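Subject: Structure for your files

Hello,

Here is the structure you asked for, with the sequence.

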Amino acid sequence: MSTGPTHAISGLAAWAGVTALASGHAIGELTPQAWVVGAALASGAALLPDIDHPSSTVARTFGPFSQAVSGVINTVSGWTYRATKTRKDPKRDGGHRGLTHTVLFALVAGLVTTAIVQAGNRYALPVLMFVFCGLAVRGLMNEWSPKRDAVAIAVASGVLTLACLRWVVEAPENAAAAGIAVMIGCVAHYLGDAITEQGCPMLWPIPIKGKTWFPVAPPKPMRMRTGGAVELSLVLPGLTLLAVYLSAAALQRTGAVPWLGFDLLGWLPGAAASS
């Protein structure tokens with residue numbers, strides 16, 4: 001897997017890119033508040049697939065509770081892998097990079113999110129927002145130590161949760177956008193894993209070359225080592241710059257920065273006509 005910060009910033013960049021470039025579509029015409037909610041959901045969801053790995057950032061974010069959930073999901077994922085693999089699939093436990101690393105999981109996560117936001121349940125909705133906002137903070141602020149900076153992490157997560165919760169309750173019509181944000185975050189995670197040495201079986205259960213868990217990946221020379229120099233020195237800084245730029249462009253589309261005297265996406269063909 002790519003590291004937590006890379007995943008989180010990729011989720012933000014993907015959400016910002018989709019909303020900035022989807023001019024003329026509902027997802028590209030959100031209010032600034034709805035956009036921020038989606039950004040938090042996408043950033044947090046970009047860590048979610050690694051809940052199947054007991055030592056991942058997401059598994060350690062909420063202490064014993066998330067570690068217990070991770071253990072259960074790891075077991076279920078491993079069982080699913082063994083039950084559905086073919087003779088051409090590699091012999092591995094299948095706990096990590098299994099069920100939660102598939103497009104099917106992203107769809108389910110997005111639909112569940114949409115349903116919870118639409119229902120506005122007094123218990124499920126706050127839990128949903130706290131989980132994703134907590135993951136977003138842990139991923140984007142990875143240099144904060146869970147022990148040394150526990151108060152800062154808790155406060156940042158709480159403030160972001162309360163803000164997003166208020167904005168979601170005020171505009172339940174954006175439930176679909178919330179679900180899409182979660183899907184975008186998950187898919188961004190899969191693409192990040194796909195360019196590592198192991199690849200990502202995101203298209204399960206579609207059989208490809210006789211494998212139901214076919215690892216989608218570019219040619220080996222184009223892959224990177226998780227936590228290696230390429231990721232930390234090139235990919236992460238590049239994604240960070242891209243996320244900042246696209247986020248500013250997306251917020252400009254929402255009308256949040258009317259004082260900016262030029263169109264950040266004005267260089268794109270047709271951008272002037274759609275802005």
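The second largest pocket has a volume of about 190 Å³. A pocket here is an open set of points on a 1 Å grid over the protein atoms alone, where a 1.4 Å probe fits, with protein on both sides within 12 Å along at least five of seven lines; lining residues have an atom within 4 Å of a point. Volume is the space filled by probe spheres set on the points, which are joined across faces, edges and corners.

This is a predicted model, in which local features need pLDDT of at least 70 and side-chain atom pairs count only at pLDDT 80 or more, while totals for chains, interfaces and linings use all residues. Residues are numbered from 1 along each chain as its sequence is written, and side-chain values use heavy atoms, leaving out hydrogens and water.

Back to that pocket: 14 residues line it, and A136, V137, L140, M141 and L160 lie nearest its centre. Helix 2 (32–45), helix 6 and helix 7 (150–170) each supply at least two lining residues, with helix 2 giving the most, 5 residues. Helices are DSSP runs of H or I, at least four residues long, and strands are runs of E, at least two, numbered from the N terminus. The lining has 12 nonpolar, 2 polar and no charged residues. Nonpolar covers Ala, Val, Leu, Ile, Met, Phe, Trp, Tyr, Cys and Pro; charged covers Asp, Glu, Lys and Arg; the others, Gly among them, are polar.

The largest pocket holds about 500 Å³ of space. Of its 21 lining residues, L48, V69, L128, V131 and F132 lie nearest the centre. Helix 4 (63–84), helix 5 (103–119) and helix 6 (124–140) each give two or more residues to this lining, which has 19 nonpolar, 2 polar and no charged residues.

On the cysteines, the count of disulfides is 0, taking a disulfide as a pair of cysteine sulfur atoms within 2.5 Å. The sulfur of C164 is 4.0 Å from its closest cysteine sulfur, in C133, too far for a bond. For C186 the closest is in C200, at 11 Å, also too far. C164 is buried, at 0% relative accessible area (buried means under 20%, exposed over 50%, partly exposed in between, with a 1.4 Å probe and protein chains only). C186 is likewise buried, at 0%.

An unreviewed UniProt entry places "transmembrane region" at residues 98–117, 150–169 and 229–251; such annotations may be inferred rather than shown by experiment. Residues 98–117 are 75% helix and 0% strand, with end C-alpha atoms 27 Å apart. Residues 229–251 are 100% helix and 0% strand, with end C-alpha atoms 32 Å apart.

Regards
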